[in-house]
Amino acid sequence: MSFSNLDTLYRQVIMDHYKNPRNRGTIEDDTLSVNMNNPTCGDRIQLQMKLQDGKVVEAKFIGEGCSISLASASMMTQVVKGLKVDEALALSDIFSDMMLGNDYDDKRFDLGDIEALQGVTKFPARIKCATLAWKALEKGLNEGQE
């Protein structure tokens, strides 16, 4: 597949998550809740997670922002459900490495749709948009373990 076809496919995946977000909403039960914003561009997210037996059993978000920010939140909430806390944190590290253009372990987890965000590295100002939900994940999981 040519680079331009792959780039088009990735854009389509991002737009699909933006227009049809997965796990958008709130969790009614007792949950971890993290509010974060990106003052540079106005993206805001509230991430809620339910942890049970050291695993993320539910993750949902509400918020507003650009397509990259909200698509990233949709993708992240999909992929972390069912992971142990340490696995979710490791995945967040992998995502961070991917966003910074560093080498990352793409064999440990099935990154699925998340790989579509790899193109964001070409636009440094948008990296904060893509990582906002992931920073909320890290903050929530780290505070949830204390």
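1. Let me start with helix α2, residues 67-80, which lies across β2 and β3 and runs at about 165° to β3. Keep in mind as you look at it that this is a predicted model.

2. Now the sheet under discussion. It is an open one made of 3 strands, ordered β1-β2-β3, with antiparallel pairing. At the edges sit β1 (32-38) and β3 (55-64), each of which pairs on one side only. From one strand to the next, the twist averages 20°.

3. A handy landmark is Asn-37, which stands opposite Arg-44 in β2. As background, strands in a sheet pair through backbone hydrogen bonds, in either a parallel or an antiparallel way.

4. What about the inside? The largest nonpolar core has 42 residues, and the ones with the most contacts inside it are Met-75, Val-80, Phe-95, Met-99, Leu-117, Leu-137 and Leu-141. Two or more residues of this core come from each of α1 (3-19), β2, β3, α2, α3 (85-99) and α4 (127-144). In soluble globular proteins, nonpolar side chains do tend to be buried together.

5. Leaving out residues up to four places away in sequence, Leu-141 touches Met-49, Leu-51, Val-56, Val-85, Ala-88 and Leu-89.

6. Next, α3. The buried residues of α3 include Val-85, Ala-88, Leu-89, Phe-95 and Met-99, and the buried set packs against β2, β3, α2 and α4. Just after α3, Gly-101 takes a positive phi of about 80°.

7. Is Asn-23 buried or exposed? Its relative accessible area is 15%, and the cut-off for buried is under 20%, so Asn-23 counts as buried. The Asn-23 side chain makes a polar contact with the side chain of Thr-77, at 3.1 Å. Setting aside neighbours within four places in sequence, Asn-23 is also in contact with several other residues, among them Glu-58, Ala-59, Lys-60 and Phe-61, as well as Ser-74, Gln-78 and Lys-81.

Technical notes:
Residues are numbered from 1 along each chain as its sequence is written. This is a predicted model: local features need pLDDT of at least 70, side-chain atom pairs count only at pLDDT 80 or more; totals for chains, interfaces and linings use all residues. Side-chain values use heavy atoms; hydrogens and water are left out. Two strands pair if DSSP finds at least two bridges between them. Helices (H or I, at least four residues) and strands (E, at least two) are DSSP runs, numbered from the N terminus. Axes are lines fitted to C-alpha atoms, for helices over the stretch in contact, and angles run from 0 to 180 degrees between N-to-C directions. Contact means heavy atoms within 4.5 Å. A nonpolar core is a set of buried Ala, Val, Leu, Ile, Met, Phe, Trp, Tyr and Cys residues joined through side-chain atoms within 4.5 Å. Buried means under 20% relative accessible area, exposed over 50%, partly exposed in between (1.4 Å probe, protein chains only). A polar contact is a pair of N or O atoms within 3.5 Å; within protein, one must be able to donate a hydrogen and the other to accept it, and residues adjacent in sequence count only if both atoms are side-chain atoms.
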